[in-house]
Structure formats: C-alpha cells, structure tokens
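The sequence and the model are shown below.

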Amino acid sequence: MTHKIPATVITGFLGAGKTTLIRNLLADAGGRRIALIINEFGDLGVDGDVLRACAGTACREEDIVELTNGCICCTVADDFIPTMTKLLERDEKPDHIVIETSGLALPQPLVAAFNWPGIRERVTVDGVVTVIDTAAVAAGRFADDEARVAAQRAADDSLDHDNPLEELFEDQIRAADLVILNKADLVDEAALDGVRTQVEREAGRKLPILTAEGGKLPADVLIGLQAGTEQLIAGRRSHHEIHHADGHEHDHEDFDSFLVELGSVASREALEDALRTVIAQYDILRLKGFASIKGKPMRLQVQAVGNRIDSYFDRPAAQGEGTRLVVIGLHDRLDDAARKAITAHLETLTICAAA
C-alpha cells in the first residue's frame, strides 16, 4: 500500500480535544503536506477557523475542507466521497489526509467508505485515533447509574433504557486503532486507571492507549500506524450495525443543535456566567463559537464542554462582527421553548452591553 495516500481518522465525543490534537499535529508535521477534512455537527464552522489560523506551511488554505451541519457518517455518499474525489484530483497531492469527524459521528461507515471504487485504489486508512475526554468519563458522563436502571426495569420491563451517549462512546472506541486519554491532568491516578480499564473493556481487544495533556503528542505517534483499517472495520461493528443488520439508516435523532446570534456582549465574565447557567439548566453537551466583547478590539473564542468553559482572544475583531455560538445537546432538552429561553437569557447580555 506504499503508493496510497495515508489518511488518519480522528474521532471522539464532543469536546474531547480533537481539534487541539490536530493543531499540535500540524505544528509538528515534519515537512509533510497535510490535507484536512473537518466535519462539525452544527451550522458554525468553529474548528476550521481554529485550524486555519495555525496551519502554516503544513496545511494551506486550499487544503482545508469543512463539512458543517451534519455528521459525515450519515452523508458518506453526498459529502465525503465527492470531497475525497476532488482532493485526489488535484495536481499537487497531499502527503497525508487528516479527517476530524463530528463528535457525534460513528467512525465505522466513514472508514468503510474507503473501500469504495475510486477511493480504495488511492487512499488507505493509516489509523483511527479516538480521543477521550478523561475527566468527562471519570465523572460518569457516558455511563448509566446501573442500580437506578435496574430499579426502573424492575418497575416496568417495557422501558427503553438505551443511553445514546454511552453507545456512541463505545462505538468510537470499538473503531479505534489508537486511543488517546486526553485531559489526563484533570484527574488523579485512581480515576485515570478507572478510565483506562473502562476503555479496555469497551474495546474488547488489545488496543494501544496513551495519555495526553492538552492534546500534546508527537505527530509520529499519531500518524504512521499503517493499520489499513478499511480492511478491518467490518469486524468492528457499531451498535447500530449490530441491531440494524437490515440496512436501516443511522441518524442522530437523539441530538440537536442550534445557532445563537447576538451583538456585542457586556463582558467576558458576564458571558461565561450566563453560559454556565444555561449549560446547567438544559444539560448542554457542547457550546462553542465566537463573541464580540464591548470595548475589546479582539474576538473572543469560546469553548465549553459541560460546565468547563475556556475562552481566549484569538484575533482582531472584524468590522461589525457579532457573537455567534453553536449549542449542541440532547434533542429532548433542546425543544423550541428551550431554544427561545436560552437565546433570551443570552440576549440580556447584549442589552447590558448597549446600556
């Protein structure tokens, strides 16, 4: 397969640190020219903007392709195959392709697509790298309270207790050639060992597991695995493939997203306080975007995972640039009333800013 272009699929749940991992990889590319395909669940392309700002010579503007508002695993034929075809038809081919999936994507159908005619002859999956938010796993974000579920089933055995977060977490591990326990510095040794044990159990096979802080790992650790995963993926079936062997299409009906657009907000501190309020009240899984802060010449980038919020000024604000935030959560928590309430709460910040 030495004549084929290697591709690395980087997957992992919302906010696990995939984009940061890729940013560090680009800084340590070792002269490789890398093409990026970035998929986001939501209308706002935040990750592409982040990576475009730091790509440099390893990844030029024309080598970054964004696919927003959906999961690449559900749009293989419509989005991924045409994107790959265009990339491979360029006169100057990349040395390596890196694909960042949406945090809600199943890696299995994407990897299987590398067996499509026209793709399999020219590209191979060097490896699937699954990034884990160690702190979120340690906090029980992806596991049911087994005692509570058992009590509910005892009371009514007809209840459906499928946990979409837990299933997605397991499926992303099952597809992996390498697992990264990111944000390992946020937990103690006992919690880290517990997460490692849980990942090993979900994988069901021997799998290399590394720890990282802030997505910092040498590029040669992440690429050059030579796994040829497209030839192995049929044996790493997802929950959906196991339970819907009839070909029923996978969807993401358990999750939803919407975009909040505002003007300038009163202050960075007020914004973060307001975000913590709505995140807690509506169990928001992921929130990210950009904010205009009153009196500040720089744009504020905002990244929130659960109740952890990070923000920093990333570049000079453009004329008339406002605040745009994508909110991702469980479908039953983001109905129309919830969306209106979240937007209204955040709009109070712009009223204060205008005062």
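Which residues in the largest nonpolar core touch the most other members? In this predicted model, they are Phe 13, Val 179, Leu 181 and Val 199, out of 29 residues in that core.

Leaving aside residues up to four places away in sequence, Phe 13 touches Lys 18, Gly 103, Leu 104, Val 131, Phe 142, Leu 165, Leu 168, Gln 172 and Leu 285. A separate second core has 25 residues, including Leu 271, Ile 284, Val 302 and Leu 346.

Helix H8 is taken next. It consists of 15 residues and reaches 21 Å from first to last C-alpha, close to the 21 Å expected at 1.5 Å a residue. The buried residues of H8 are Leu 192, Val 195, Gln 198, Val 199, Glu 202 and Ala 203. Viewed down the axis of H8, these buried residues fall within an arc of 130°, so they line one face of the helix. Their packing partners are H5, H7, E6 and strand E7 (209-211). On the other side of H8, Glu 189, Ala 190 and Arg 201 are exposed.

At the start of H8, the backbone nitrogen of Ala 190 has a side-chain oxygen of Asp 188 within 3.3 Å. Gly 204, with a positive phi near 70°, follows H8.

Methods:
Residues numbered from 1 in each chain as written. Predicted model: local features only at pLDDT ≥ 70, side-chain atom pairs only at ≥ 80, totals over all residues. Heavy atoms only, no water. Core = buried A, V, L, I, M, F, W, Y, C linked by side-chain atoms within 4.5 Å. Buried < 20%, exposed > 50% of the residue type's maximum accessible area, 1.4 Å probe, protein only. Contact = heavy atoms within 4.5 Å. Helix = DSSP H or I, 4+ residues; strand = E, 2+ residues; numbered from the N terminus. Expected span 1.5 Å × (residues − 1). Arc of directions from axis to C-beta. Polar contact = N/O pair within 3.5 Å; in protein donor to acceptor, adjacent residues only side chain to side chain.
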